[in-house]
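I opened my notebook to write down what I looked up, one entry at a time.

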Amino acid sequence: MPINYLEIQKQVIEMAERSPARQRKQEERCQRAAQLLEAQANQLDELRQKVESAAAANSSLRCAAPFKEALTFCKDAPPFESSAVLLAADGSQIHPDRHDAVQFGVINAGALRMQPGSGEAPRETVTSRLLYHDDLEPPDGPLTEEVVALMRDLEERNLLLQLAKQDSDQQVVALTDGPLEPYVRDPRERQSIKKLFEDYFKNLQELGSLGVCLAGYVDKPGADLVVRLLEIGEMSEEDLPHAERHRPLRGLSDADLLHSRLQPGQRSAVFAIQSPAGEYFNGALALHFFYLNVGRAERPSLARVEFPAWVAREAALVDLLHAALVSQCRQMGARPYPYVLHRAHETAVVSMLEKQHLSELIALQLRQHGVEPGDLSNKQFGKNNMGSRTRYKQ
Amino acid sequence: MNEPIEMGRLLRSSTAGCVVGCRVTQLGAPEFGGLLRIPLGGQDDQVYGLIYDIHIDDDGIVRQLVTADTVDAAVILDNRINRNVPVEISVLFVGYRQAGKIFHLLPPRPPLSLDAIFPCSAEDVVQFTGSGRFGYFRHVLRSQEAPVGELLAAHLRQAGQAQSAAGKPQWAKDATQELIVLLRDDYPTLMSVLSALSDAGLGENAPAGGVQ
């Protein structure tokens with residue numbers, strides 16, 4: 001059945017009618033946040049202290065913390081004149097599906113290496129790992145999407161590390177898409193997740209020891225890390241233990257606040273991230289970020305760029321990252337996004353057709369070894385047949 | 001003797017023609033109007049064809065890249081070498097060779113997917129175009145898809161040079177005369193062909209061997 005348009009149309013109209021009021025409210029929040037930003041711009045020590053106090057009382061607190069620059073700081077992109085090697089890795093996966101005829105999963109990681117100005121053609125690398133038999137049944141629980149996603153993140157970093165080692169005599173900028181902090185509810189919950197988590201950090205540490213300028217690029221960020229900092233900043237010391245309840249700017253994102261403040265190519269101040277994962281991301285791995293306007297004057301486009309402390313502490317590395325990202329985004333014309341990351345994604349992505357081919361290949365090999373592959377579930381069979389009508393005499 | 005350089009592989013075909021795919025970096029060899037050959041099986045049998053269209057498709061990323069103020073040289077190389085966007089070359093079959101003998105007829109069977117395609121050497125061109133009496137022109141003249149006048153002009157210019165170098169400077173003039181005979185009842189096509197030949201310096205009064 002299609003959508004009940006009669007029913008949903010009323011809701012669409014209602015949504016549109018309520019939108020102007022919501023927009024006005026958002027503008028008010030934005031004005032308020034801008035005032036707070038100006039007022040607290042140079043109170044770095046005081047803000048840092050408040051974030052620490054709030055975090056001590058609330059272990060799940062997630063917000064920005066001042067680093068070295070004023071909150072209102074912004075900087076034009078330096079020219080990208082470096083001969084640095086640019087690496088980007090991305091991953092995709094096939095989740096094992098019990099409704100499929102053959103039970104398997106795939107972790108695919110793709111990377112692109114390019115060195116602008118060298119005259120060399122960029123180089124693609126792909127690694128594919130088949131998950132089968134015992135891989136699909138870890139002893140400590142099911143192979144959930146969360147675990148597969150963590151395995152994929154690890155493969156991406158492994159590929160970056162492997163490529164970075166090949167260019168260890170040169171400055172390397174290594175990019176991945178999304179935050180550097182992997183999404184795991186509690187890594188201590190399961191042994192298999194804990195192991196992956198530990199490998200992930202070991203990998204980051206090795207990248208750090210190679211001096212790689214590592215970053216995660218978050219396109220169209222929706223986070224409110226800086227906004228949360230401003231909310232905490234206006235609280236009194238006594239109220240800080242209840243910081244999680246003080247949300248006057250709820251609904252406002254950092255991008256809403258900063259998109260008109262950053263000119264094309266400019267970055268914001270560097271901030272540290274206060275997060276529950278700080279337990280793992282500490283020392284040289286402590287996460288930092290800046291916002292970057294990769295758009296044009298008539299169409300700003302903000303990204304959040306996350307990087308570890310070993311990058312944040314070196315002004316030259318922050319400048320290199322800033323310049324490389326602006327230069328890469330400009331390659332993509334009207335829809336700015338780092339070219340090298342786009343190509344890594346293109347290299348890594350596994351299509352539905354490829355999944356089907358791989359499934360057929362596995363079934364064929366199983367039969368050659370005298371093992372009959374399973375069958376599609378009846379539910380999946382029915383889904384596959386949806387929409388395929390046949391006509392009498394055709 | 002040098003090994004011939006493969007210029008691409010067959011994507012799809014019929015007994016009338018085929019489409020060849022190659023990377024942009026392989027694009028140096030083929031030329032509009034050029035004669036090429038596709039070996040059939042293990043024997044010395046070949047299918048001959050004329051290139052009548054070369055086109056380069058775009059995709060989403062290429063359309064996006066053209067909106068950039070400047071495109072980095074590395075990005076251009078990446079798109080030409082690594083990305084899976086082939087150049088497609090359309091070929092009109094004009095004859096074949098079987099058991100050492102050349103026929104200006106359509107091949108007995110089409111070549112198969114992924115068969116390798118090679119440009120013809122000057123020697124091959126002289127041999128194919130010098131065999132018989134321009135019988136292969138009828139495949140070109142019958143074509144609904146090829147720009148007939150332009151294709152013949154390009155082919156006659158290239159083949160005329162090869163024939164001239166092989167000591168047959170009269171070939172281009174004879175070929176033009178043959179076209180006039182074949183098109184005597186089709187005035188619009190004749191005029192279009194003669195106009196193209198004239199632009200290529202291959203009209204009736206052009207020097208033997210065409211423009212050098």
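**Entry 1: a residue in a helix.** Before judging any residue I wrote down the cut-off: a residue is buried if 20 or more other C-beta atoms lie within 10 Å of its own, exposed if 12 or fewer, and partly exposed in between. I also noted that this is a predicted model. I then turned to B:Asn79, which lies in helix α2 of chain B. Is B:Asn79 buried, partly exposed or exposed? I found 19 other C-beta atoms within 10 Å of B:Asn79, so this residue is partly exposed. I also looked up its separation from B:Val62, which is 17 residues away along the chain, and the two C-alpha atoms are 8.1 Å apart.

**Entry 2: the contact between the chains.** I looked next at where the chains touch, and found 16 residues of chain B in contact with 16 residues of chain A. Which elements of chain B give two or more residues to this side? They are α1, residues 60-65, and α2, residues 73-81. The most comes from α2(B), which gives six residues. Sorting this side of chain B by class, I noted ten nonpolar residues, three polar ones and three charged ones.

**Entry 3: two loop residues with positive phi.** I reminded myself that most residues other than glycine have a negative phi. B:Leu114 has a positive phi, near 70 degrees, and is not a glycine. I located B:Leu114 in the loop between β6 (101-103) and β7 (116-119) of chain B. B:Phe134 is not a glycine either, and its phi is positive at about 55 degrees. I placed B:Phe134 in the loop between α3 and α4 (137-142) of chain B. With 18 C-beta neighbours inside 10 Å, B:Phe134 is partly exposed.

**Entry 4: chain A as a whole.** I read off that the C-alpha trace of chain A spans about 75 × 65 × 45 Å along its principal axes. Of the 394 residues in chain A, 38% are buried. Among the contacts in chain A with a separation of 6 or more, 76% are between residues 24 or more positions apart.

**Entry 5: confidence.** The model scores ipTM 0.74 and pTM 0.85. Chain B averages a pLDDT of 88, and 91% of its residues score at least 70. Among the elements of chain B, the lowest mean pLDDT, 88, belongs to α1(B), and the highest, 96, to helix α3 (residues 122-130). Over residues 205-212 of chain B the pLDDT stays under 50, although the model has 22 contacts for them beyond four places in sequence.

Definitions and conventions
Residues are numbered from 1 along each chain as its sequence is written. Chains are lettered from A and ligands numbered from 1 in the order in which they are written. This is a predicted model: local features need pLDDT of at least 70, side-chain atom pairs count only at pLDDT 80 or more; totals for chains, interfaces and linings use all residues. Two residues are in contact if their C-beta atoms, placed from the backbone, lie within 7 Å. Helices (H or I, at least four residues) and strands (E, at least two) are DSSP runs, numbered from the N terminus. Ala, Val, Leu, Ile, Met, Phe, Trp, Tyr, Cys and Pro count as nonpolar, Asp, Glu, Lys and Arg as charged, and the others, Gly among them, as polar. pLDDT is the predictor's confidence in each residue, from 0 to 100.
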